Amino acid sequence: MNNQSREPDYELEERLSRRLLDIFIRAGLVLALVLLCYQIFSPFMTMMLWALILAITIYPLHQMLAAHIGGKQGLASTLIVLLAIGVIFTPTVMLASQFGDSVHSLVNGVRDNTLQIPAPSEKVAGWPVVGKKAHALWAQAHDDLPALVKTMQPKLGELATKALSIVASLGGGLLMFAFAFVVAGIMMAWGESGARAMLEIFERIFGMARGKEFDKLSTATVRAVAAGVIGIACIQALIIGVSLMIASVPFAGVLAMVVLVLGVARLPALVVTLPVIGWIWASGDYETVPAVAYSALLFVGGMADNVLKPIMLGRGVDAPMPVILIGALGGMATKGILGMFIGATVLALGYQIFMRWVADNPERARQRAASNSSSTTT
């Protein structure tokens, strides 16, 4: 009897092996389908992510506009897209063109030995720590730029190649930027059904109880980062960039890009505008009245974030500044200019979800409940 009971059940093993093989085949087919879908969707992923971020951020404004035109969702979306293309996209294209021309002229000037470096001031040598080295390097660039370029050839060659590749990708990035606004308008036109779908997705992933919480958290984080950080930085960079072009300041596109990065890092734009104002007065190329007008314009643009923050920041951004900055720089390094906006928003959202998951510790909740119950009994 014992020997018969110890004999292997070949029929059970065969059923298990068939079941396991069936699971492997199904999992393989699902994985192949997922990879195929990703391969098809990946060229549009950056644009779709940015369109989703725009739709979530602008949707309250869309609803306000729709309420004033009889609840016409499609018309409200069309008006917002046209306004965005006219007010945001057009000056962005102008600044991008200025940025490309500046980079090309700088690279060609260094390559053809036509770039003129002004002589350094003696005050530079008095700077702490780096003053003497900076003055010597600046003086060498003024006296013999080709020799300096030759000593730094490998590094300058890599930087020039990287800069030209960024310029070459600007056209595609701007085109995706425009299409993203159009797609965001379509999303906002069907915003209610889209919001229900997102809520169902969160409820399916996190459960019915916590799905609504994570849905609200994600929406609030995206709007706070996109409007309170990225939006303020973009608007201020556009204001200053257009002001620089009006004042005919060289490298206006490059300076606007610096202002944009400083805005994402939550640093004041006056770091750029004040030296430019000093250059306007020191260059001698401007009459007194235009110099005063351009200086006032640039100073107001440098202080614009102080007006925009109370309007757009709202409840504030809970994600730390290093998280947003790393997301912006990492996104720009991997996906270009458009990736800077997406990276900052997505990394801040991931940080918020992760920290909420860390705070939702069941063991800690049980300990708190136990300590509260023990304190009430005593």
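Met198, Leu199, Phe202, Glu203 and Phe206 of H8 touch Met208, Arg210, Gly211, Lys212, Phe214, Asp215 and Ser218 of H9, where a contact means heavy atoms within 4.5 Å. Sorted by class, that H8 to H9 contact holds six nonpolar, two polar and four charged residues. Nonpolar here covers Ala, Val, Leu, Ile, Met, Phe, Trp, Tyr, Cys and Pro, charged covers Asp, Glu, Lys and Arg, and the others, Gly among them, are polar.

A quick word on the source: this is a predicted model, with local features needing pLDDT of at least 70 and side-chain atom pairs counting only at pLDDT 80 or more, while totals for chains, interfaces and linings use all residues. Residues are numbered from 1 along each chain as its sequence is written, and side-chain values use heavy atoms, with hydrogens and water left out.

**Helix packing**

The protein has 15 helices and zero strands; these are DSSP runs (H or I of at least four residues for helices, E of at least two for strands), numbered from the N terminus. Axes are lines fitted to C-alpha atoms, for helices over the stretch in contact, with angles from 0 to 180 degrees between N-to-C directions.

| Helix pair | Axis distance | Angle |
|---|---|---|
| H8 (residues 191-206) and H9 (residues 208-246) | within 7 Å | roughly 130° |
| H9 and H12 (residues 288-302) | 9 Å | about 170° |

H9 is therefore roughly antiparallel to H12, whereas H8 and H9 are oblique to each other. The cut-offs are under 35 degrees for roughly parallel, over 145 for roughly antiparallel, 65 to 115 for roughly perpendicular, and oblique for the rest.

On the H9 side, Gln236, Ile239, Ile240, Ser243, Leu244 and Ile246 meet Tyr294, Leu297, Leu298, Gly301 and Gly302 of H12. That contact of H9 with H12 has seven nonpolar, four polar and no charged residues.

**Aromatic pairs**

Rings of Phe, Tyr and Trp (its six-membered ring) pair if their centres lie within 6.5 Å, and planes under 30 degrees apart are stacked, over 60 edge-to-face, the rest tilted. By that rule there are five aromatic pairs. One of them joins phenylalanine 177 and phenylalanine 181, edge-to-face at 5.1 Å centre to centre with 80° between the planes. These two phenylalanines sit four residues apart in helix H7 (residues 153-189), so about one helical turn separates them. Phenylalanine 177 is buried at 10% relative accessible area, and phenylalanine 181 is buried at 6%; buried means under 20%, exposed over 50%, partly exposed in between (1.4 Å probe, protein chains only). Ring pairs also link Trp50, Phe177 and Phe181 into a cluster.
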